[in-house]
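Dear colleague,

Please find below the sequence and structure that I am handing over to you. My findings follow directly after them.

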Amino acid sequence: MTTSEMRPGAEILLRALKDQGVEVIFGYPGGAVLPIYDAIFQQNAIRHILVRHEQAAVHAAEGYARSTGKVGVVLVTSGPGATNAVTGLVDALMDSIPIVCLTGQVPTHLIGNDAFQEADTTGITRPATKHNYLVKRAEDLARIVHEAFYVARSGRPGPVVVDLPKDIVINPAPYAPPASTPHRSYRPVVAPDAQAIARAVALLKQAKRPIVYAGGGVINAGPEAAAALTRLVRETGFPCTTTLMGLGAFPASDQHFLGMLGMHGTYEANLAMHGCDVMLNIGARFDDRVTGRLNAFSPGARKIHADIDPSSINKNVPVDVAIVGDAGRILEALLAAWRADAATPERAALAAWWRQIEAWRAKDCLRYTQATAPGSIIKPQHAIRRLYELTLAAGRETFITTEVGQHQMWAAQHFRFEKPNRWMTSGGLGTMGYGLPAAMGVQIAHPEALVIDIAGEASILMNIQEMSTIAQYRLPVKVFILNNQYMGMVRQWQELLHGGRYAESYTAALPDFVRLAESFHATGLRARTIEELDPVIHEMLATDRAVIADIAVDQAENCFPMIPSGAAHNDMILGPEHEGDAAGITDEGLVLV
Amino acid sequence: MAGNGAFRTATISVLVDNESGVLARVIGLFSGRGYNIDSLTVAPVEDGRGRSRINVVTSGTEMVIEQIKAQLDRLVPVHRVADLTQEGPHLAREMALIKILCTGEQRAEALRLADAFRARVVDATTASFVFEMTGNPDKLDAFLDLMRPLGLAEVSRTGVAAIARGARVI
């Protein structure tokens, strides 16, 4: 086919996807996209994965994208197809995940007529996407699709919607290859400013109590960026903490790693953030779950903020040095400048700082007590610890996804990641129902890997229909449910803030997850007491098809440590394992939950 | 939104691709993030590249205004964001059509004030005037204050068009 040859829009669309390197589409058919499905049917280059709900298509594409670094692609029909996808789009927007979502639309001449399955998709998704397009002319189709991929993956990545009226995908259209010229207006800065780098290094060299605070931007910048972060931290000898989204950007086993920071971060990470004199934020956005009370956030620190998105800088926290650019290139530049700078780092002060940090670390803030006598109830933290230890022993490439809630925080605390792109979680939006479809997307991208969705019994029900997709494609996804019969994080807040009145947080009439698994052609396992835990995990890992492991855990367990909302980092609650703690939650904090 | 400190007004000009939805993106950004819009104008600018210029007058702390500019700048169809208030002296002009309903002595007084403010009479009946007036928004406000006791009945304002003084272009 020559570039001047006119072909049906659906064929042009698929050719553009192929030229963008697309191998997999997650989607669900419907009237407006039938011509596209017909074109998919007649080719073999791109694989289509049929989900059971459009929200799951986006989460699956997110899991695919997050675990590969590629753009995830979604195809849904008009109207309800598009509106069902919106939660996934906002999730990808908040967590900066590159997605291209193709939505069907009623034919151009019917737009605005309240036609069957019509929705104002570009209007609805405008604040839900990084950018969106409505293709109105056949000659724009190929260019817009290429541009959508460029926008999705460039700068701070995000979701892009391309709305495709049915006549556009039926009528002949010309093809155009990906543009070789720069985009007319959207050209994010990736190379850091040398002066900003020099100012940052000057601050780092003088630092007596430094900390490196890394976020999801390091993961988005690719594995080289994570490697550069590791080199920089080891060479400077600085302590390093990461956000929820940044887990895996720095090896958890490294002595410089203080664990995750923020609301359920470690004692040592949060106190180091509070007490530091120079903070290097790389690829994180001073989220409210990280900063706690803003006017008490790291009061004595001079702050360096490196981010690809200029609008993230000085948004929540004023900083002293701003570096705009790609995290990997910034880290390389910082390391080069660190080596070139003649000033001697404050080694003695740094050693004293580490002694302080080790004293905080000695508090062992993630400690829990697991009774070992047969019949003892399983602590949720222990279930994650054993899952981690036994998967580590199994030695397979392992990817973890989560739903949202207590289990997610326990997973972030107790599962340890050495490499980037192995941890998929809904950070910004906090979308229950994310983990199962995300695991599906990860497994599609990594068929041989061990993919585990660490779930709660409430979250898993939000996209449980995807067990059917998992069965159809024989995906050996493992679902590890910490079942406490409560929306645990809701219950925890109700206990702390609302007088223990557990309004609607108890999940009555739960399904029998073992039989549920079996009905979806998967293996169902259950652990009720401590002696059943390890055998269930062993069996789950040894099973080469999908498994739901229902782990009954202590219903009363809360997630600690915890910075109550509206509190400062040095006002942490350490939980029942530690004495002398008091919840200092203010009315102001109540609003911030 | 964080950012203590004094409020200031900013007149921001934004060059955008003249495509459908671009105004909705800009307005949605302001409403979605809780920023103020004091005035907003948009029209194609004939530079042969299919661009429009949006002039927006907003107010906030310095931190908020920096945020507004950064947020505008990352919209895909945005080519340039210029804070005219910050970048140097600039001209701001607004046009208003002002309807006065009055009789007798008040008519003469309205005409005298209109003359002093260089407002033109563009329509008149025995019971009404419509004045056309152009100037910076403060001047329009001052004129409207004076017209209020004289039978001010209706106002239609265009919003602010703004441009930098001197040879500087955005």
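At what angle do the axes of helix 15 (residues 380-394) of chain A and helix 16 (residues 406-414) of chain A cross, and within what distance do they come? In this predicted model, the two axes cross at roughly 50° and come within 9 Å. Helix 15 of chain A and helix 16 of chain A are therefore oblique to each other, and their crossing is right-handed. On the side of helix 15 of chain A, the residues involved are A:Pro380, A:Gln381, A:Ile384, A:Arg385 and A:Tyr388, which meet A:Gln406, A:His407, A:Trp410, A:Ala411 and A:His414 in helix 16 of chain A. Sorted by class, this contact has five nonpolar, four polar and one charged residues.

Another helix pair in chain A may be described in the same terms. Helix 1 (residues 9-19) of chain A packs with helix 6 (residues 141-153) of chain A at an angle of about 30°, and their axes are 9 Å apart. Because angles under 35 degrees count as roughly parallel, helix 1 of chain A is roughly parallel to helix 6 of chain A. The crossing of helix 1 of chain A and helix 6 of chain A is right-handed. Helix 1 of chain A makes the contact through A:Gly9, A:Ile12, A:Leu13, A:Ala16 and A:Leu17, and helix 6 of chain A through A:Leu141, A:Ala142, A:Val145 and A:His146.

I turn next to the nonpolar cores. The largest nonpolar core has 216 residues, of which A:Ala57, A:Val74, A:Ile99, A:Val100, A:Val162, A:Leu229 and A:Ile551 touch the most other members. Helix 6 of chain A gives the most to this core, namely eight residues. Leaving aside residues up to four places away in sequence, A:Val74 touches A:Phe26, A:Gly27, A:Ala57, A:Val58, A:Ala61, A:Ala85, A:Ile99, A:Cys101 and A:Leu102. There is also a second, separate core of 13 residues, which includes B:Ile98, B:Phe129, B:Met133 and B:Phe143.

Finally, the two chains meet: 15 residues of chain A are in contact with 18 residues of chain B. The side of chain A that touches chain B has six nonpolar, six polar and three charged residues.

With kind regards

Definitions and conventions. Residues are numbered from 1 along each chain as its sequence is written. Chains are lettered from A and ligands numbered from 1 in the order in which they are written. This is a predicted model: local features need pLDDT of at least 70, side-chain atom pairs count only at pLDDT 80 or more; totals for chains, interfaces and linings use all residues. Axes are lines fitted to C-alpha atoms, for helices over the stretch in contact, and angles run from 0 to 180 degrees between N-to-C directions. Helices (H or I, at least four residues) and strands (E, at least two) are DSSP runs, numbered from the N terminus. Angles under 35 degrees count as roughly parallel, over 145 as roughly antiparallel, 65 to 115 as roughly perpendicular and the rest as oblique. A crossing is left-handed if the near helix is turned anticlockwise from the far one by less than a right angle, and right-handed if clockwise. Two residues are in contact if their C-beta atoms, placed from the backbone, lie within 7 Å. Ala, Val, Leu, Ile, Met, Phe, Trp, Tyr, Cys and Pro count as nonpolar, Asp, Glu, Lys and Arg as charged, and the others, Gly among them, as polar. A nonpolar core is a set of buried Ala, Val, Leu, Ile, Met, Phe, Trp, Tyr and Cys residues joined through C-beta atoms within 7 Å. A residue is buried if 20 or more other C-beta atoms lie within 10 Å of its own, exposed if 12 or fewer, and partly exposed in between; C-beta atoms are placed from the backbone.
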